[in-house]
Amino acid sequence: MVANQPCKDLLERVRTGESITPNNRKGLEDFLNYETPGSCLFTKWTYPPIIERGKNNKVWDVDGREYIDCITGMSSMNIGHADPRVAEVLKTQYMKLSHWFDFPTPERLKLARRLCEITPGDFPKKVWLGLSGADGLDAVLRLVRYHTKKTQIISFLGGYHGQNIGTMGLTTKAGMHRWYNPVPPADHGINRFPYPYTYRDIYGNDSDPEKCARACVEAIDKILCGCENTMANYPAGINNVAAIIVEPLQCSAGYIRPHDEFLRGLRRLADKHGILLVFDEIQSGMGRTGTMWGCEHSGVVPDIIVVGKALGGGVPMSAVVGRAEIFDDLAPGMSSNTYAGYALGCAVANKVLDIIEEDKLLERCRKTGKHMEKVAKEYAGRHPLVGTYDQVGVFLGIEYVRDEKKTPALEETIALCDALMDAGLLAQRNGYYGNRMSFLPTITIYEKDVDEMFAVIDKATTEIEKRFNIAARA
Ligand SMILES: Cc1ncc(COP(=O)(O)O)c(C=O)c1O
């Protein structure tokens, strides 16, 4: 049954909660009184903190509690909070020109050229600028359909690509779909396939990441080579698929890294069937994995790449970058968005790219990531609650299970998420079964910060294992 008073229940929880501090309580009450509870706040913690300020990899709540930030605005604040170099740009650019309309400005021209240069692919490229990730994916849907004159799209279970009417068809979260249902026509033509999630591979290859990756691609190929589906009639030479849209590393679904063979297989599949390949790098890009783009680990070059979140370093920015011919189809005035490419956002994005270069953040992230690899391995070895984990750079997703049968430790993970917050670390819970935690610190951190993070994670995990009687495995 649909709960008819979620907001009232939450208000009661907040008013009666014992562990909640005064200003946080007041803030949560205000939030529930003046906003919809539909934001993801209460899906993260029982009593979410109201965050007031941040500095580099730490944030502080309205009662002055300090936290290690392992959410970073879902990978938006990769270069850290409150960088004075960004603050300076905000001030000077605002005084020069903040915005006048969706028209070129020097900062915008500079950003477009740079994005074409730093994205994979040795071919002429062009850029479409937007304000959010969903904006970008929505533009992709229009661009690929218009360019190919085909309607069907291939996407993946677990994919998250935004939450507007266009992108809901790509995003596979039943809770969100319940709210949107009946999903309007944008949902039409989206074909979702399993993503390589080796630990629980749907095709049975749960101990072999490469086989799991290959099986996921082969299943699509088998269907595209037939004729009993909406996407293709291979014998008749018909293919209706405009694009494959995929996260190179699957993020919101649990921070899962597929074997490189997955992206390689998708590239071959796209070429074989004449389909455009689109990588949504909104979370996996901008240095998170130790390379500028997550897809670089596999060496695969997409036809289109979508960038968002960390590009704006704290202000709304997104970009779609791809083969020039796809963008050249649009006649003047066919695509417009009032604030798109605003001078202030472009100036900040240019500064974010400068900072990544100047501070050598990719090298730093790779080095810190090596250390995290070692520390995460030791942590997993010590804790029977850990089923598996995926880590590269400072991208870390950990799956918690009750036993050797891999029973998802849902209650335990919910409790762990709260315990981490109580101990001063903010991280998000997610996963196909709600039993994963992801840790996405800023890419500015050093080895010592990883140790600080894991000291908290380790202690909280031990506490949860004791509370839930999770026995050490033989
Ligand atoms: C991979 C991915 N694509 C798209 C989006 C949507 O971005 P936005 O929330 O800025 O619309 C997100 C947001 O979490 C994301 O993680």
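This is a predicted model: local features need pLDDT of at least 70, side-chain atom pairs count only at pLDDT 80 or more; totals for chains, interfaces and linings use all residues.
**Exercise 1.** In which sense do strand β1 and strand β2 pair, and over how many bridges?

*Solution.* Step one is to locate the strands: β1 covers residues 51–55, and β2 covers residues 58–61. Step two is to determine their pairing, which is antiparallel and extends over four bridges. Step four is to examine the hairpin of β1 and β2, where two residues lie between the strands. In this hairpin, N56 adopts a positive phi near 45 degrees.

**Exercise 2.** Determine which residue in β3 stands opposite V59, and which residue in the hairpin of β2 and β3 takes a positive phi.

*Solution.* Begin with the pairing: β2 and strand β3 (residues 66–69) are antiparallel and share three bridges. Next, consider V59, whose opposite residue in β3 is Y67. Finally, inspect the hairpin of β2 and β3, which has four residues between the strands. There, G64 has a positive phi near 80 degrees.

**Exercise 3.** Which residues touch the most other members of the largest nonpolar core, and which helix gives the largest share of this core?

*Solution.* First, the largest nonpolar core contains 121 residues, of which V140, I244 and V278 touch the most other members. Second, helix α12 (residues 343–358) supplies the largest share, namely nine residues. Third, both domain 1 (49–79 + 361–467) and domain 2 (84–358) contribute at least three residues each to this core.

Note on methods:
Residues are numbered from 1 along each chain as its sequence is written. A nonpolar core is a set of buried Ala, Val, Leu, Ile, Met, Phe, Trp, Tyr and Cys residues joined through C-beta atoms within 7 Å. A residue is buried if 20 or more other C-beta atoms lie within 10 Å of its own, exposed if 12 or fewer, and partly exposed in between; C-beta atoms are placed from the backbone. Domain bounds come from an automatic or database domain assignment. Two strands pair if DSSP finds at least two bridges between them.
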